Amino acid sequence: MSVLDQLNGGGIYLICGSIVAFIAAVCVIFMVRAWHAGKALGMDVTRMKRAVTASATFSVLPSVGILLGVIALSGSLGVPWPWLRLSVIGALHYETQVADAAAEQLGVSLGSGQMTAQAFPTIALLMSICIMWGMILSALFNKKYLHRLQQGGKTETRKGGGFGDKAMTAMFIGMVSAYIGSYVGGWISGSGRLFSFSGSWTPLAVVFASALVMAVFTYFSEKKGMAWLDNFSIAGSMLIGMLAAALIGQ
Amino acid sequence: MNDMQKQSSYEAYLKSTHRIGRIVSAITLVLLVGAPFAIGTLLGAAPDLGETARAFLSVGLVWTVSSVVEFLVYTPMLGAGGSYLAFITGNLINMKIPCAMNAKELVDAKSGTAENEVIATLSIATSSLVTILVLALGVVLLIPLQPVLQSPVLAPAFANVVPALFGAMAYKYYRKDPLLSLVPLCAMIVLFTLVPSLTSSTSFMIIPSGALAILLAWLKYRKEKKGAAAE
């Protein structure tokens, strides 16, 4: 039995499925409570229904985009774990990058057939730990933070302007640069021989293909008023980039 | 119900929302951290805590900073119930935040009001349930496709998930500041070309690359601020 078969085993489906079911139950509880609270406050039921309907329709397309992310990760991590991660707490760009960093640390690759049963639990743990801080902060400080904002009369958050947003963008630019730099360096000085150009150029070709598709998505989204395409931009670009790798590999 | 009764009912709702929110966040945390151990038992291998700690130091810090910023920025937008749920269910920027904002605008709920609290919670809960449903249906459909997904033809595709992600992200982030992007990119290309052994520690290189980009962004921000003050 291959590692991937093990990762797609019934036991792992059961573990991941139970957690997803728990989160679904939490959502239902919050929804029912909010509905009753709204009615007690005298809110118009039609408006609440409208909010629910609009949110449901709004979420269908992004959810399909997230499903494409599950497909993208399923070749290396199996289906149940990406299903859990992307149903709960995660986001595609985060999951892929953290899984890859953890795999690198363990000396394995996310590539198909390269995962080991020893490496997977460590990769899965790191994926859980790295992104749990928002939930921890929320559990510890949500009440205090909201109370402080209300006392200060602040009802809306800052949008842009501060250095925080710029620092976040810069941080992601740095992260992307490190990875792309490694693909270029790996090609130019492949197998540890400086300027031998003997490394694989496939990752670079995938980067270009994926970036190009992202540019096309952005063009149609921004210039042609097709904003709904944003829901598929990352997952769609990734899938076409991966398709390029499959074509090069033939 | 008069206004005072409404107010006290809303305060009781908020109080219990915080209590339930904290409890379910704690349970989710235990489940998510516990799952790799449970899966490890099935696979016959426990997570390596030392490697996890080392990998966290390289890649986790970036996401920790990101989590703090997300908490500070999004909590006021979503209110109590909405933010507990959003931080549990994830996919904030690409779905939950725009979804809640859309619902809020649609019913014209004002930020910081009881109405906004209710609408944001309804919106995030609905959105999360839709995602859970779509993904569950998708996963059921994926099971018969397993042999195809594991075929050797598709092996190079799955071996290049990460370059595919960074290609898309590169376009998304580089276009925000192309000049600033050029410096860390060139620096990393030179470094990885001259020291090829670094390719096995790419995730560690995020730290100097990110620091360089943030430093440049800070210098640019300070210059712009000074320029604006001088006008």
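A:S191 sits in the loop between helix 8 (163-188) and helix 9 (202-223) of chain A. The backbone of A:S191 has a phi near 55 degrees, a positive value in a residue that is not glycine. Most residues other than glycine have a negative phi.

A second residue of this kind is A:F197. The loop between helix 8 and helix 9 of chain A holds A:F197 as well, and the phi of A:F197 is near 50 degrees, again positive in a residue other than glycine. Is A:F197 buried or exposed? A:F197 counts as exposed, because 10 C-beta neighbours fall inside 10 Å.

Chain A has 10 helices and zero strands, so its order of elements from the N terminus is α-α-α-α-α-α-α-α-α-α. Along the principal axes, the C-alpha atoms of chain A fill a box of roughly 70 × 45 × 35 Å. Of the 250 residues in chain A, 53% are buried. Among the contacts in chain A with a separation of 6 or more, 55% are between residues 24 or more positions apart.

A:G38 is in helix 2 (residues 10-40) of chain A. With 24 other C-beta atoms within 10 Å, A:G38 is buried, because the class begins at 20 or more. Which residues does A:G38 contact, once neighbours within four places in sequence are left aside? They are A:M43, A:M48 and B:V118, and B:V118 belongs to chain B.

A:L61 lies in helix 3 (residues 45-77) of chain A. A:L61 has 16 other C-beta atoms within 10 Å and is therefore partly exposed. Apart from residues up to four places away in sequence, A:L61 touches A:W228 and A:N231. A:L61 and A:L229 are 168 residues apart along the chain, yet the separation of their C-alpha atoms is 8.9 Å.

Chain B is helical too, with nine helices and zero strands, and its elements run α-α-α-α-α-α-α-α-α from the N terminus. Chain B is more spread out than a compact globule, because its radius of gyration is 23 Å, well over the 17 Å that the globule rule gives for 231 residues. The C-alpha trace of chain B spans about 75 × 65 × 35 Å along its principal axes. Buried residues make up 48% of the 231 residues of chain B. Of the contacts in chain B between residues at least 6 apart in sequence, 59% join residues at least 24 apart.

One helix pair shows how the chains pack. Helix 6 (residues 119-130) of chain A packs against helix 1 (residues 3-43) of chain B at an angle of about 175 degrees, and their axes are 8 Å apart. The pair is therefore roughly antiparallel, since angles over 145 degrees fall in that class. From helix 6 of chain A, the contact uses A:F120, A:P121, A:A124, A:L125, A:S128 and A:I129. From helix 1 of chain B, it uses B:L32, B:V33, B:A35, B:P36, B:F37, B:I39, B:G40 and B:L43. By class, this contact has 12 nonpolar, two polar and no charged residues.

The last point is confidence. Chain B averages a pLDDT of 88, and 98% of its residues score at least 70. Within chain B, helix 8 (residues 178-194) has the highest mean, 96, and helix 5 (residues 146-149) the lowest, 72. Where pLDDT is low, the predicted coordinates should not be read in detail. For the complex, the predictor gives an ipTM of 0.77 and a pTM of 0.77.

Note on methods:
Residues are numbered from 1 along each chain as its sequence is written. Chains are lettered from A and ligands numbered from 1 in the order in which they are written. This is a predicted model: local features need pLDDT of at least 70, side-chain atom pairs count only at pLDDT 80 or more; totals for chains, interfaces and linings use all residues. pLDDT is the predictor's confidence in each residue, from 0 to 100. Helices (H or I, at least four residues) and strands (E, at least two) are DSSP runs, numbered from the N terminus. A residue is buried if 20 or more other C-beta atoms lie within 10 Å of its own, exposed if 12 or fewer, and partly exposed in between; C-beta atoms are placed from the backbone. The radius of gyration is taken over C-alpha atoms; the globule rule is 2.2 Å times the number of residues to the power 0.38. Two residues are in contact if their C-beta atoms, placed from the backbone, lie within 7 Å. Axes are lines fitted to C-alpha atoms, for helices over the stretch in contact, and angles run from 0 to 180 degrees between N-to-C directions. Angles under 35 degrees count as roughly parallel, over 145 as roughly antiparallel, 65 to 115 as roughly perpendicular and the rest as oblique. Ala, Val, Leu, Ile, Met, Phe, Trp, Tyr, Cys and Pro count as nonpolar, Asp, Glu, Lys and Arg as charged, and the others, Gly among them, as polar.
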